[in-house]
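Hi there,

Here is the structure I said I would pass on. Please have a look at it before reading my notes.

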Amino acid sequence: MEILRPGSSGPAVAEVQAVLRALELLAGDAAGESGCGEFDEATELAVRHFQQVRGLSVDGRVGEETYRALNEARWSLGDRLLRYDPERPLRGDDVRRLQELLLELGYDAGRADGILGAETETGLRAFQRDYGLNADGTCGPATLRALKQLGRRVTGGRPQLLRQSASLVESGPHLIGRVIVLDPGHGGDDTGYTAGETTEADLVFDLASRVEGRLAAAGAKVYLTRGRTGGPTAEERTAFANDARADLFLSLHMEAHGSAHARGVASYYYGTGSGASSTVGEQFANLARREVIARTGMLDCGSHAKTWDILRMTRMPSVRLDCGYLSHPVDRLLLLDARLRSTIAQAVVASVQRLFLPAEADPPTGTFLLPAGG
Ligand SMILES: [Zn+2]
């Protein structure tokens, strides 16, 4: 789709404005100032606000991801019948609310990601059966009434997230039998940040290969989402990880910024900031970031909840790790050094090990060494 930005105009802009108005992020009616289909300053501000609360990249423009999020935000529970369609799964805030209600009641409805998949349908049918409703897997008025009545009496508990943690602890310290998908960012025509011969795509592929070798030596089954040259879409990358039934998904990037001062290491996990986040993803985001910082001395830019597709459409704990800024003179020197990339790889592997270790055996950050060495 065409990216809508300040200066754009036409029916697509008017449609976006209508949604922003319905969400009360934009003032005025269709005939008013900000309803005329001109992408003005007020519209940009509203888009930024929307992106911020949704955990999207905040750029004030409407690209594919923001457009989809806007579409999903239009639906609130009760607006339409919710039914599983394997061909075209329903997406929306109403689906997310349904998932949250089911999870709060103790039904495994999959992750509260706003996508109505098979797991959500299974959870919904189980709920309907237990409460003497017609177990047709369709959320209509009767089911909705029952959900809302019961939902008010139950508090806390996200059983599916607790189960996620439990299954990780049960697996023990080694990585044998664990499936880990590494996702080197960019690739193909998309080189990421480029300076002369150096591209982010090549560097993160090199880094992923170093991680791959070490994880494999520790007994894990490791897959990369792309080869040295390929450039799959976000959808292909997440589908690959889902098909591989991965236990963990790690996307690797290096950052760049217009300001030469920006530097450091950041990590991202799935979450909306409103509590519906992946606890294991958050835990791994912290572990990986801290290990890299402890071993490289790079600046700590924190861990952040995001709803990016790459984090959201994966069914396992998923993390994106940004290992420094290629646009920063010192970070760049480090990242161009193969030995430093090996150090980062060691840090990543140590954080994976720590994720699968029982808590009482967890060593302090920066000290854990693999028996496999290297
Ligand atoms: Zn990147």
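Below is what I found in it, beginning with the whole chain and ending with single residues.

A word on the basis: this is a predicted model, in which local features need pLDDT of at least 70 and side-chain atom pairs count only at pLDDT 80 or more, while totals for chains, interfaces and linings use all residues. Residues are numbered from 1 along each chain as its sequence is written, and side-chain values use heavy atoms, with hydrogens and water left out.

**The chain as a whole**

The protein chain has 13 helices and ten strands; helices (H or I, at least four residues) and strands (E, at least two) are DSSP runs, numbered from the N terminus. Of its 374 residues, 51% count as buried. Here buried means under 20% relative accessible area, exposed over 50%, and partly exposed in between, with a 1.4 Å probe and protein chains only. Among contacts (heavy atoms within 4.5 Å) with a separation of 6 or more, 66% join residues 24 or more positions apart.

**The zinc site**

The zinc ion has three protein donors, His-186 (NE2), Glu-200 (OE) and His-253 (ND1), lying 2.1 Å from the ion. Donors are N, O and S atoms within 2.8 Å of the metal (3.2 Å for Na, K and Ca), and water is not among the atoms, so the site may look incomplete. The spacing of the donor residues in sequence is H-x13-E-x52-H. His-186 sits in the loop between strand 3 (179-184) and strand 4 (194-195), and Glu-200 in helix 8 (residues 200-217), so this pair ties together parts that are 14 residues apart in sequence.

His-186 and Glu-200 are both buried, with His-186 at 18% relative accessibility. The backbone of His-186 may interest you too: its phi is positive, about 60 degrees, although it is not a glycine. Most residues other than glycine have a negative phi. Glu-24 also has a positive phi, near 60 degrees. Glu-24 belongs to the loop between helix 1 and helix 2 and is exposed, with a relative accessible area of 72%.

Met-254 is in strand 7 (residues 248-255) and is buried, at 2% relative accessible area. Met-254 and Tyr-193 are 61 residues apart in sequence, with 8.1 Å between their C-alpha atoms.

**Helix packing**

Helix 10 (residues 279-296) and helix 13 (residues 338-356) have axes that come within 8 Å and cross at roughly 145 degrees. Axes are lines fitted to C-alpha atoms, for helices over the stretch in contact, and angles run from 0 to 180 degrees between N-to-C directions. The crossing is right-handed; a crossing is left-handed if the near helix is turned anticlockwise from the far one by less than a right angle, and right-handed if clockwise. Among the residues making the contact are Phe-284, Leu-287 and Glu-291 of helix 10 and Ile-344, Ala-347 and Ser-351 of helix 13. The residues of this contact divide into twelve nonpolar, five polar and three charged. In that count, Ala, Val, Leu, Ile, Met, Phe, Trp, Tyr, Cys and Pro are nonpolar, Asp, Glu, Lys and Arg are charged, and the others, Gly among them, are polar.

In helix 3 (residues 64-73), the buried residues are Thr-66, Ala-69, Leu-70, Glu-72 and Ala-73. They fall within an arc of 165 degrees seen down the helix axis, so they line one face of helix 3; the arc is that of the directions from the helix axis to the C-beta atoms. These buried residues pack against helix 1 (11-22), helix 2 (41-54), helix 4 (93-104) and helix 11 (309-312).

Arg-312 is in helix 11 and is buried, with a relative accessible area of 7%. Leaving aside neighbours within four places in sequence, its contacts include Glu-72, Arg-91, Arg-111, Asp-113 and Tyr-270. Gln-99, in helix 4, is buried at 0% relative accessible area.

Best wishes
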